[in-house]
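Here is a walk through one protein model, taken a step at a time. Keep the structure in view as you read.

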Amino acid sequence: MKLQLRYYGDPILRKRASEVHDFDPQLRAEAEAMIDTMYEAAGVGLAGPQVGLEKRLLVALQMEDPDDNEAEPIVMVNPEILERSPENWVFEEGCLSIPGIRGDVTRPERVRVRYQDVAGKPHEIEVDAMFARVIQHEIDHLDGKLFIDYLSMGERTLLKPKLKKIAEKYAS
Ligand code: NI
């Protein structure tokens, strides 16, 4: 099942999503629909608020590098970053909720993440490279943060007209 994407300007993208407490069949169905939606949109990650779900739930491809076409999807519920590496790297990011806009974002290279699976079982993993970047981008979504927030004042000023157009196009 494909879910309706939410776009820049939608207030849900600026809210902090709520912790998930019910690990029920509905959560499983939502996670599956999010994976379908991510594939359909050719994305590498998707967070609950981007499809109108105010839940700390994300799906992501476990990519080793930007050209990894065989990465398996993972579902993370209530994800939390426990540790960030001191080493950073820069990569040009985009977002399904902000179509047509890309920008360089500096992020820690490695992170240790704690999350629950759809059954509620806790996991702790250390991830690096693209996968670590995708997870950080998606966890930001759960806190109402977007990648454009990391851009310089100058870059954001330049993007303003484009962002305004996106907000107008999708406003209902
Ligand atoms: Ni995004």
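Two places show a backbone angle worth a look. Start with Ala42, in the loop between α1 (25-40) and β1 (45-47). This model is predicted. Most residues other than glycine have a negative phi. Ala42 is not a glycine, yet its phi is positive, about 55 degrees. Is Ala42 buried or exposed? Ala42 is exposed, with a relative accessible area of 68%.

Now move along the chain to Ala129. Here too phi is positive, at about 55 degrees, and Ala129 is not a glycine. Where does Ala129 sit? Its place is in helix α2. Ala129 is partly exposed, and its relative accessible area is 23%.

Next comes the metal. Which residues give the protein donors of the nickel ion? They are Cys95, through SG, and His137 and His141, each through NE2. These donors lie 2.1 to 2.3 Å from the nickel ion. Along the sequence, the donor residues follow the spacing C-x41-H-x3-H.

Cys95 is in the loop between β4 (88-93) and β5 (103-108), while His141 belongs to helix α2 (residues 129-142), so the pair ties together parts that are 46 residues apart in sequence. Are Cys95 and His141 buried or exposed? Both are buried; that word applies to residues under 20% relative accessible area.

Helix α2 thus links two stops on this tour. Ala129 has its place there, and so does His141, a residue of the nickel site.

Notes: Residues are numbered from 1 along each chain as its sequence is written. This is a predicted model: local features need pLDDT of at least 70, side-chain atom pairs count only at pLDDT 80 or more; totals for chains, interfaces and linings use all residues. Side-chain values use heavy atoms; hydrogens and water are left out. Donors are N, O and S atoms within 2.8 Å of the metal (3.2 Å for Na, K and Ca); water is not among the atoms, so sites may look incomplete. Helices (H or I, at least four residues) and strands (E, at least two) are DSSP runs, numbered from the N terminus. Buried means under 20% relative accessible area, exposed over 50%, partly exposed in between (1.4 Å probe, protein chains only).
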